[in-house]
Amino acid sequence: YTMSKLVLILTQVDKPFASDAEQHSVQLLKRAGLTVEALCETDERVAELLPDASFLIIRSNKVPAEMIDRAPKLELIVRAGAGYDNVDLEHATSKNIYVMNTPGQNATAVAELVFSLIHSAVRPINGKSGTELKNKKFGILGFGNIGKQVAMIAKGYGMVVEVYDMFETSDTAMRHGVGFAESTVEVFRDKDYMSLHIPSTKETKGTVDRECLAAMSPGAVLVNTARVDVIDHEALVAHLQADPGFKYLSDVDQKTDILQSLMPNRQILIPPKKMGAQTFEANFNAACAAAQQVIDFMQKGITRFAVNNPVPPELKLYTDLATSLGRFSAAYVPKPREVQYTCYGALNAYHDTFVQYILKGLFEQGGHGKAMTPVEAVSLAEEHSIDIEMRNPDNRKGYGLAITLGFVDDDTRVEVRGTIVGREPEISRVNDFKTRIPLREAIYVLVETADHPGVEYQIAQNIVEAG
Ligand code: 3PG
């Protein structure tokens, strides 16, 4: 890696990082030799800087596909926070870009907010009598970093806590001294309080449905500091109307008009903006963790907090190799009707990614001439009805980490194998010739010839004479 890559820290108009958090993370990044620009997402310089950015640090600002497309150098997006539903993960992965979150860094802030909301609703400081939390039944859906902190606080209040998480077992719950329900709906069963801590994904959409809501005790309190779409809103509104004692408290649900209209009847408590990570500490911890994760990724290839799985950093050089091999083979067979490829060793697990780069090389060299993204190259291959065949590697051949391509058209065929030596891509075979050709930016002249005395000299002579 060169040491002058650009990190773009993008914040939202209504949600900048606390200034200390920003200053400290910028300092960390600069000390690691990176160039850093911290901008509000609406700043017009964003468009100018995106094409040069290698790393992006964001909060809940949206990173859609078209924004990713405007950042061809991007290697990593770090969401300083827990939920990463604001990033087009599939698109980032298809472009070989890692996405990370900073799990746990704002867990305390969210967990404490749950109890601020609860107190504001059941024990407001307004001179009137409220209710206590002690001995009340408290359910938690989602037992990750935040769910665990919520459980700890609830236990401190003397509440009876039961949790459910589809990725956890009763052993984890036991270790934390809480009960474990059998299913999502069971964790709602007979609860006086229920707090949601699941992410927003395709699978979790509308999780809190009619059945879950009906399972809670009459007059229960539902707290949603997770995401708006984990709730089935039709069911929620029906439940609010059917049980006038039921309360819904959420800092993530501002946009639901129908709920806003129910605000005045005190069943709903919705602050004007998302508040989960709005503490000095959460801001500071998440921003600095994000900066550190960028540095660790850049310096050591650490991807511990990655939430997707493109090619690991130690194999990144092989994407360039794949492109170079694609280009090289296209010089022989510019319009192949079939592209065969074999990825040896650990590369085979990412063959879907490598083939995109092979095709990129093919089209960039073979007639098309323009630079393109790997994903564009795949669509172009489909348009041209190119047959693509992945060959299973025979790793006993001992090629190590290598890629072999076979480009075939009606009357020509080329087989090229390449690998990385040191950090340089190199061709190790062209057709029947085992060879070593370093792949650099240069013009290559390859001549296959029977070895008669004087032939090489003659060829060189011809080239020189041709200028
Ligand atoms: C999170 O997912 O970390 C919280 O929802 C906080 O997000 P924020 O950066 O929008 O405050």
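Author: Gladly! Keep in mind that this is a predicted model. Let's begin with a pair: the side chains of Glu 37 and Arg 45 form a salt bridge, with N and O 3.3 Å apart.

Reader: How exposed are Glu 37 and Arg 45?

Author: Glu 37 has a relative accessible area of 23%, which makes it partly exposed. Arg 45 is partly exposed as well, at 32%.

Reader: How many salt bridges does the model have?

Author: The count comes to 17. To qualify, a side-chain nitrogen of Lys or Arg must lie within 4 Å of a carboxyl oxygen of Asp or Glu.

Reader: Which parts of the chain does the bridge between Lys 95 and Asp 69 tie together?

Author: First look at the pair itself: the closest N and O atoms of Lys 95 and Asp 69 are 2.7 Å apart. Lys 95 sits in the loop between helix H4 (89–94) and strand S5 (98–101), while Asp 69 belongs to helix H3 (residues 65–69), so the bridge ties together parts 26 residues apart in sequence.

Reader: Is Lys 95 buried or exposed?

Author: Lys 95 has a relative accessible area of 15%, and it counts as buried because that value is under 20%.

Reader: Which residue pairs with Asp 394?

Author: That would be Arg 396, with 3.0 Å between the closest N and O atoms. Asp 394 is partly exposed at 27% relative accessibility, whereas Arg 396 is exposed at 76%. Salt bridges can also share partners, and in this way Arg 327, Lys 360 and Glu 364 are joined into one network.

Reader: Now for the ligand. Which residues surround it?

Author: The surrounding residues include Lys 15, Arg 59, Ser 60, Arg 79, Asn 106, Arg 227 and Lys 274. By class, the shell divides into five charged, four polar and two nonpolar residues.

Reader: How much of the ligand's accessible area does the protein cover?

Author: On its own, the ligand has 320 Å² of accessible area, and the protein covers 97% of that.

Technical notes:
Residues numbered from 1 in each chain as written. Predicted model: local features only at pLDDT ≥ 70, side-chain atom pairs only at ≥ 80, totals over all residues. Heavy atoms only, no water. Buried < 20%, exposed > 50% of the residue type's maximum accessible area, 1.4 Å probe, protein only. Helix = DSSP H or I, 4+ residues; strand = E, 2+ residues; numbered from the N terminus. Near = heavy atom within 4 Å. Areas by Shrake-Rupley, 256 points an atom, 1.4 Å probe, with all protein chains shown as cover. Nonpolar A, V, L, I, M, F, W, Y, C, P; charged D, E, K, R; others polar.
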